[in-house]
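Biologist: I'm new to reading protein models and keep getting lost. Could you walk me through the holes and the overall fold?

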Amino acid sequence: MNLVKITAGGFHFVARFEEKDAPQTCAAFKKLLPFQNKLIHVRWSGEAVWVPLGDFKLGVGYENPTSHPAKGEILLYPGDISETEIFIPYGGSCFSSKIGQLAGNHFLTIIEGHENLGKLGQIVLWQGAQDILVEDYPTAGIH
């Protein structure tokens, strides 16, 4: 399994695991599938949405970290100086928290549905929290 289907805000996306650059993060996240939670809009990071995970630990450290992901490059922040979270940019962003700039593990990249990321971001911004479901692509029944 190298692909996942992401459903959020009425949109469907396909994302590729970045297993070469973030193998531990990918392996840990795969164990959580299917993953269900809520997306909310970021406060300090620009055009992005996030899934706050509080003090939940995946048992991974930093690998392939960045503070400046491109649109559709999904990060997992393993939690140390701020809470654990999943960060999904839909436009220009700099991954930050109330304590300052952070770096998260780039572990997924959206490869289908990219054109709807901005629409998803606007829905989350103006309509509030949205459900998110991440599931194994081969069993997701997409296409």
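Modeller: On a 1 Å grid over the protein atoms alone, a cavity is a set of points where a 1.4 Å probe fits but cannot get out, while a pocket is an open set with protein on both sides within 12 Å along at least five of seven lines; lining residues have an atom within 4 Å of a point. Grid points are joined across faces, edges and corners, and a volume is the space filled by probe spheres set on the points. Here, the largest pocket has a volume of about 180 Å³. It is lined by 13 residues, and W44, W50, S82, E85 and S97 are the closest to its centre.

Modeller: Before we go on, this is a predicted model: local features need pLDDT of at least 70, side-chain atom pairs count only at pLDDT 80 or more, and totals for chains, interfaces and linings use all residues. Residues are numbered from 1 along each chain as its sequence is written, and side-chain values use heavy atoms, leaving out hydrogens and water.

Biologist: How many residues of each class are in the lining of the largest pocket?

Modeller: Ala, Val, Leu, Ile, Met, Phe, Trp, Tyr, Cys and Pro count as nonpolar, Asp, Glu, Lys and Arg as charged, and the others, Gly among them, as polar. That lining has five nonpolar, four polar and four charged residues.

Biologist: And how many cavities of 30 Å³ or more does a search of the whole structure find?

Modeller: Two. The largest cavity has a volume of about 60 Å³, and its lining is made of eleven nonpolar residues, with no polar and no charged ones. Among them are F29, F35 and F107. The second largest cavity, of about 30 Å³, has nine nonpolar residues in its lining and no polar or charged ones. I6, I88 and I132 are included there.

Biologist: Which helices and strands does the protein have?

Modeller: Helices (H or I, at least four residues) and strands (E, at least two) are DSSP runs, numbered from the N terminus. This protein has two helices and eleven strands.

Biologist: Take T25, in helix α1. Is T25 buried or exposed?

Modeller: Buried means under 20% relative accessible area, exposed over 50%, and partly exposed in between (1.4 Å probe, protein chains only). T25 has 0% relative accessibility, so it counts as buried. Contact means heavy atoms within 4.5 Å. Not counting residues up to four places away in sequence, T25 touches V60, E63, L76, N105 and F107.
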